[in-house]
Amino acid sequence: MSKLTREEIEFRFSNWVSMFVDVVKAKNLYLIGGRGTAKTQDIIAKRSIDIIYDMPRATFAFISDTYVNALSNIIPNMMTGWERQGFIEDITQAGKRRPGHFVCDKEPPADFDRPGTIMLEYHHTISTFNGCRFLIKSLDRPSANAGISTQHNFGDESKYLKESKLKKSFPTLRGDAVLFGKSPYFMGQSFLTDMPNPVDKEDDWILRMKDNMDPKIIVAIFHQALLVNKIEYELFCAKNAGESVAEINRINIRLDRERERLRKVRRNSTLFIIVSTLANIDILTFEYLITNLNTLDYSEFKTAILSMKGSLEKGARFYSNLSEKHFYDDGYNYDYYDRFGLHDNVAASCEGLRYIEGNLPLEAGYDAGNMMSMVIGQEQGHIMRVLKDLYTLSPDWIPELGAAFCSYFSAHKLKQLNLYYDRAANNLRLAKRDYATQMKNAIEYDKAGRSTGWQVRLMSIGQGNIEHGDEYDLMNQLMGEKNKNLPILWIDKFECRELKSSLELAPLVKVGNKIKKGKKSEQLALAKLPMQSTNMSDAFKYLICTRKNLKIAKQSKSSNAVGILTD
């Protein structure tokens with residue numbers, strides 16, 4: 001045996017989970033990992049590179065909940081991981097080419113191998129040097145790449161992938177078994193996520209994939225892989241020591257035999273694994289755990305860090321009639337997002353909203369505090385369509401929220417905003433120091449004092465407090481669709497992510513005979529407020545609980561009460 005020098009070793013940092021996945025190389029991988037386990041930039045990046053080399057000229061799909069999420073988060077993270085692994089992009093700048101392993105959004109160079117199927121369009125695709133290509137598939141845009149066969153599917157953040165829609169993409173896993181059938185990865189899947197939490201309405205379909213794994217097969221693969229690795233090291237040492245051709249051929253024959261055995265045992269294998277953030281503790285450090293323990297409530301710490309199953313909270317919810325029918329998931333205008341390439345910074349804009357009507361004014365509910373929250377909607381006939389939520393966290397405040405609104409809705413034609421807010425925001429109105437007037441000014445003028453073109457109407461002047469009981473009655477009627485005089489509620493599922501979570505988690509508390517919305521969540525750490533507090537639901541309250549809607553709800557309640565007494 002020869003001793004290896006530092007020059008002969010390539011040093012890379014990795015955790016034991018990533019190394020175990022690298023050794024096993026199962027056909028299917030379903031991994032639930034705590035925060036900080038480098039799921040995308042390490043595990044998916046390395047596994048996808050391995051599959052690229054094992055199935056030249058194959059077609060792969062990256063499946064995401066939304067096309068926008070894939071463009072702005074998942075694909076860029078994977079490519080960052082590729083770069084760290086030395087799998088670099090082929091770039092030509094100022095007439096000089098830096099040869100690499102892949103290109104984005106364009107026809108591959110002539111010296112790249114051709115893909116197994118003809119490509120007419122390269123926008124939003126990644127093409128590799130050996131003829132592989134990556135396509136983007138999303139559950140909110142099923143028509144994209146419809147009918148195209150794939151040989152392996154990848155998915156990150158699978159807790160956001162609804163199983164009912166995900167199943168429709170699985171039949172695309174097909175292809176030429178003659179070309180790709182020798183690869184154990186053929187018709188396989190790689191899905192990763194952190195622990196799904198049913199409290200947040202996340203889908204836990206991945207947990208059932210455990211039943212597809214045979215632990216005995218995984219153990220057999222692991223031992224066979226170690227044997228192959230041992231022989232590969234033996235071959236390396238023999239070449240370094242200048243052994244005879246006959247000796248090297250003998251080792252090669254044994255290596256080929258054991259590699260074939262490994263390939264056979266990996267075929268149709270499934271690796272299901274759950275690991276906590278502790279798997280990467282050497283890199284993250286113990287302080288990372290302490291910080292998360294201090295900033296997350298224990299239920300979230302269990303799921304996000306320790307990868308323990310969450311459980312539904314007991315007790316009633318304040319918005320008890322809220323259901324999935326109130327959320328729409330086809331709200332993106334992809335004619336807008338298709339303008340961007342995989343390397344572009346995707347600019348979030350109202351131009352990307354399918355259902356916004358540019359010639360109608362916007363309505364917004366506004367809640368002030370450490371978290372400044374705004375829920376923007378639009379009355380479209382008998383429909384109240386909630387289009388977008390926006391927020392800032394201290395030290396960012398009113399000017400930053402106003403600027404965010406103006407930036408997102410800069411392309412809106414009719415620049416009129418009707419702003420609804422809490423009575424407390426009217427305090428000091430005469431001195432023009434109240435939160436409502438400050439928000440009006442932050443939207444109508446930029447930081448340099450120039451007019452933005454927006455006109456903001458303060459709609460809550462003179463309006464009294466909105467009692468919890470009145471809000472509860474109105475929301476019950478609105479969401480239960482029990483009162484035809486109230487509008488139909490439709491909320492954008494993806495652009496109002498924080499609002500959706502806030503509404504779903506808001507608890508109902510009874511104080512004597514009175515119904516109240518539990519507000520303890522507003523005392524959480526600042527970073528947790530957007531997804532876990534009732535702040536955003538309060539902004540929604542001001543948008544919905546207008547004088548008109550409250551009057552309709554009270555009249556309906558009174559007439560029902562009279563009807564009961566008459567009976």
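I'll start with E258, which counts as buried at 7% relative accessibility. The cut-off for that label is under 20% relative accessible area. Keep in mind that this is a predicted model.

Where is E258 placed? It is in helix α7, which covers residues 245-266. Setting aside the neighbours within four places in sequence, E258 is in contact with Q224, L227, V228 and I231.

Now a helix pair. Helix α6 runs over residues 215-240, and it packs with helix α1, residues 16-24. Two packed helices are described by the angle between their axes and the distance between the axes. For α1 and α6 the angle is about 85 degrees, and the axes are 8 Å apart. Angles from 65 to 115 degrees count as roughly perpendicular, so α1 and α6 are roughly perpendicular to each other. On the α1 side the contact is made by F20, V23 and V24; on the α6 side, by I218, I221, F222 and A225. Which classes do the residues in this contact belong to? Seven are nonpolar, with no polar and no charged residues.

Next, the sheet. Eight strands form an open sheet, and the pairing is mixed. The order is β5-β6-β7-β2-β8-β9-β1-β10. Which are the edge strands? They are β5, residues 102-104, and β10, residues 270-275, and each pairs on one side only. From one strand to the next, the twist averages 15 degrees.

Inside that order, take β1 and β9. Strand β1 is residues 28-33 and strand β9 is residues 188-193. They pair in the parallel sense, over four bridges. L31 stands opposite L192 in β9.

Helix α2, residues 39-54, lies across several of these strands: β1, β2 (59-64), β6 (126-128), β7 (133-138), β8 (152-155) and β9. Relative to β9, α2 runs at about 170 degrees.

Last, F340. This residue is placed in a loop, between α11 (334-337) and β12 (362-367). Is F340 buried or exposed? It is buried, with a relative accessible area of 14%. Again leaving out neighbours within four places in sequence, F340 is in contact with H123, H124, N345, V346 and A347. As for Y67, F340 is 273 residues apart from it in sequence and 12 Å apart in space, C-alpha to C-alpha.

To recap the two residues: E258 is buried in a helix, and F340 is buried in a loop.

Terms used:
Residues are numbered from 1 along each chain as its sequence is written. This is a predicted model: local features need pLDDT of at least 70, side-chain atom pairs count only at pLDDT 80 or more; totals for chains, interfaces and linings use all residues. Side-chain values use heavy atoms; hydrogens and water are left out. Buried means under 20% relative accessible area, exposed over 50%, partly exposed in between (1.4 Å probe, protein chains only). Contact means heavy atoms within 4.5 Å. Axes are lines fitted to C-alpha atoms, for helices over the stretch in contact, and angles run from 0 to 180 degrees between N-to-C directions. Angles under 35 degrees count as roughly parallel, over 145 as roughly antiparallel, 65 to 115 as roughly perpendicular and the rest as oblique. Ala, Val, Leu, Ile, Met, Phe, Trp, Tyr, Cys and Pro count as nonpolar, Asp, Glu, Lys and Arg as charged, and the others, Gly among them, as polar. Two strands pair if DSSP finds at least two bridges between them.
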